[in-house]
Amino acid sequence: MKNQINRRSSLLRMGGALAGLLTLSAAKTAKAAVQTVFVSTSAPKGYDPTKHKWLMCIDDNKCIGCGLCAEACKKENGVPEGPYFRTWIERYIIPKPKPGSGETRGEAIVDSPNGGIPKGGVSAFPEPTLPKDQIEHAFFVPKLCNLCENPPCVQVCPVGATFKAPDGAVLIDPKYCIGCAFCVQACPYGARFLNPVTKTAEKCSLCYHRITRNLKPACVEICPAEARIFGDLNNLHADDPIQKFYEKNRVQVLKPHLGTEPRVLYAALDKEVR
Amino acid sequence: MINEVTNIVVETLPQIQGYVYPNESNVHPVWSVLIVIYPYITGLVAGAFIMASLVRVFNVKALAPVYRMSMLTALAFLLCATLPLLCHLGHPERNYEVMMTPHMTSPMAIFGFVYAWYLMAVLLLELWFDFRQDFVKWSKTTPGFQGLIYRVLTLGVTDVSEQSVRLDMKMEWILSIVGIPSAFLLHGYVGFIFGSIKANPWWGNVLMPIMFILSAIVSGIALCVFNYIVLTWIRRKTVNMRCLDAMAMFLFYALLVDAVIETLDVLHRGFAAEEGFAVLQTMIREKLFYTLNIGQVGIGTLVPLLMLGALQLLRHRVPEAVRRTMIFCSGAMILFGVLMMRWNVVMGGQFFSKSFRGVMSYKMEFSGQEGWLLGAAIMCLPFIILTVLVKLFLSESEQLQPCEHLPENSSKT
């Protein structure tokens, strides 16, 4: 009989330990939820994310592929050298169809050498290998984090280090990221990478340290062609560029079939762009 | 094709064909050998457990001699299952956050809980109830440190009265029943980690968890076949052919179902031919030619299917020694094939750009955080743990015998 009680008490003790662990876990989860709200972003004190709704628009007709945006981004955010980009420029060259092929266009040639960042004042993009008379269209497309309404990267983060702020920015808490790279795999746009120095995930934050201080993101600030248009949907003024962009263009997003609902809107996007 | 082999075997420069997003043009893949091993080990756990459950739940008496060995195999591998994940993290010191502040929509976070549940609430408890009587017996007969270990493992419960033993058996039976869906959940979730990535057409697929579970069952049974034959060989004992034939039969049927489902997946992909299908064709024809067509399909599926299928038809005409060799070879080939399957899934998903315009080859490290060396070490670890467990809990005199109250009594409960 004594032994029976022994077993019961042993099991009870084990159960108690398990319950304790679960309680601790629940408490920590609650703490994390609070942390998500008051996360240590680079925003100044007093910034209220619920009063803004940031939006990035790209007028693809205007991009001249100078790559200054990608360069400014690297400098502004201390992005390491090498194949790590928060924003980059892609060049699309669409050849004319071969005569008699029955096609409307040839197979697109795409490149983005060093993300389109100019080297020594010279364009990163080499001369096209095709003769000019064989090119149907050629254009540049700036790429960045698509600020999804339903971000797959946020969905898969096991610790909640990456999250969607109420103002629409998708941010990462580098002090919390465990560097599993699940988000890198989940992002359909290739916008994320693992920072080789900090060993944490990184991506465009819309220059959160700037936009929360009434400044534009570095890429928007430097764009000489005004191809990148940035604004706050909750605080539109009379001749706001965002408003004009909407009035003037029909807009499109990248990979709409994935249901991510990007908040980066493109005008004049070609079907080849993914 | 040659590039694939050279990139696996020796270090070559990264190669990119076509256009890949600039963030994808890295020297090393984001997920490497360790993430290949992770689902492999987890699958072996789930498979070994499900095979053991055949004895407990479905009362397959022929498999009783390998019940304890299968359970210990599951435990040895489960103890190492999270190790590759841990080693791969950029910040392994923050790993506890996955359990402490889990993000409930993340398959990886939920896996932590499924793992903990499976280890603590299913496997350890079931093993404890199964071994408790023996712990009491051994703690009295074994001197020294080993005796102390047995004494500690009884957790102070030394009652071996009939009533108490009956309760043990009842608990084991309940835990086995809970264990089967848990094992499915454990490995199904690993499949879901890949299947949930809609950005990647090689991974994002509803069949992925099912394919992972089926291949897990196949690999688990194959591992038990392998371990059983090796163990009897080391101990110079004779193999129980009735048991081995039963394992071969289950292995054959599991492999058949697995092969059918994987074929269905290929057919479905070919028929739907969604966006990115062209790049998937390149994977099968070029990038994964050897590991997929030869490793996974040829060596890992077709040859074992033929051998095991022939044994099902001609069992009584094949001499025991030949049968044993054929079953052993099939088991080893299946183990290799499932490892190739994990490689094809994990690496295949990273050999092409999410722009679907280009493919990459990677420089695989030898040492380094995600290198071959660490991968091989982690793969060896469960076998070392299993050796210790077998030494401690499967003594030579009564080794490979079913627990006394097995399985006849268990059916009475």
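A nonpolar core is a set of buried Ala, Val, Leu, Ile, Met, Phe, Trp, Tyr and Cys residues joined through C-beta atoms within 7 Å. A residue counts as buried if 20 or more other C-beta atoms lie within 10 Å of its own, as exposed if 12 or fewer do, and as partly exposed in between, with C-beta atoms placed from the backbone. The model is predicted: local features need pLDDT of at least 70, side-chain atom pairs count only at pLDDT 80 or more, and totals for chains, interfaces and linings use all residues. Residues are numbered from 1 along each chain as its sequence is written, while chains are lettered from A and ligands numbered from 1 in the order in which they are written.

The largest nonpolar core has 184 residues. Those with the most contacts inside it are B:Val45, B:Ala74, B:Val218, B:Ile221, B:Cys224, B:Met247 and B:Leu251. Helix 2 (residues 33-56) of chain B gives the largest share of this core, 18 residues. Helices (H or I, at least four residues) and strands (E, at least two) are DSSP runs, numbered from the N terminus. B:Val45 touches B:Ala74, B:Phe77, B:Leu78 and B:Ala81, leaving aside residues up to four places away in sequence. Contact here requires C-beta atoms, placed from the backbone, within 7 Å.

Helix 3 (residues 67-80) of chain B holds B:Arg68. B:Arg68 is buried, because 26 other C-beta atoms lie within 10 Å. Its C-alpha atom is separated by 48 Å from that of B:Ala278, 210 residues apart along the chain. In the loop between helix 2 and helix 3 of chain B lies B:Asn59. This residue is not a glycine, yet its phi is positive, near 55 degrees. B:Asn59 is partly exposed, with 14 other C-beta atoms within 10 Å.

Chain A has 7 helices and 11 strands. Its radius of gyration, taken over C-alpha atoms, is 24 Å, well over the 19 Å that the globule rule gives for 274 residues, so chain A is more spread out than a compact globule. The globule rule is 2.2 Å times the number of residues to the power 0.38. The C-alpha trace of chain A spans about 95 × 50 × 35 Å along its principal axes. Of the 274 residues, 41% are buried. Among contacts in chain A with a separation of 6 or more, 64% come from residues 24 or more positions apart.

Three strands of chain A form an open antiparallel sheet in the order 3-2-4. Strand 3 (109-111) and strand 4 (135-144) are the edges, each pairing on one side only. Neighbouring strands of this sheet are turned by 15 degrees against each other on average, direction ignored. Pairing requires at least two DSSP bridges between two strands. Strand 2 (residues 87-95) is joined to strand 4 of chain A by 9 bridges. A:Ile93 stands opposite A:Ala138 in strand 4. Helix 2 (residues 68-77) of chain A lies across strand 2 and strand 4, running at about 160 degrees to strand 2. Axes are lines fitted to C-alpha atoms, for helices over the stretch in contact, and angles run from 0 to 180 degrees between N-to-C directions.

Elsewhere in chain A, A:Ala181 lies in the loop between strand 6 (170-172) and helix 4 (182-186). A:Ala181 has a positive phi of about 70 degrees. It is buried, with 22 C-beta neighbours inside 10 Å.

The contact between the chains takes 40 residues from chain B and 44 residues from chain A.

Conventions
Contact = placed C-beta atoms within 7 Å.
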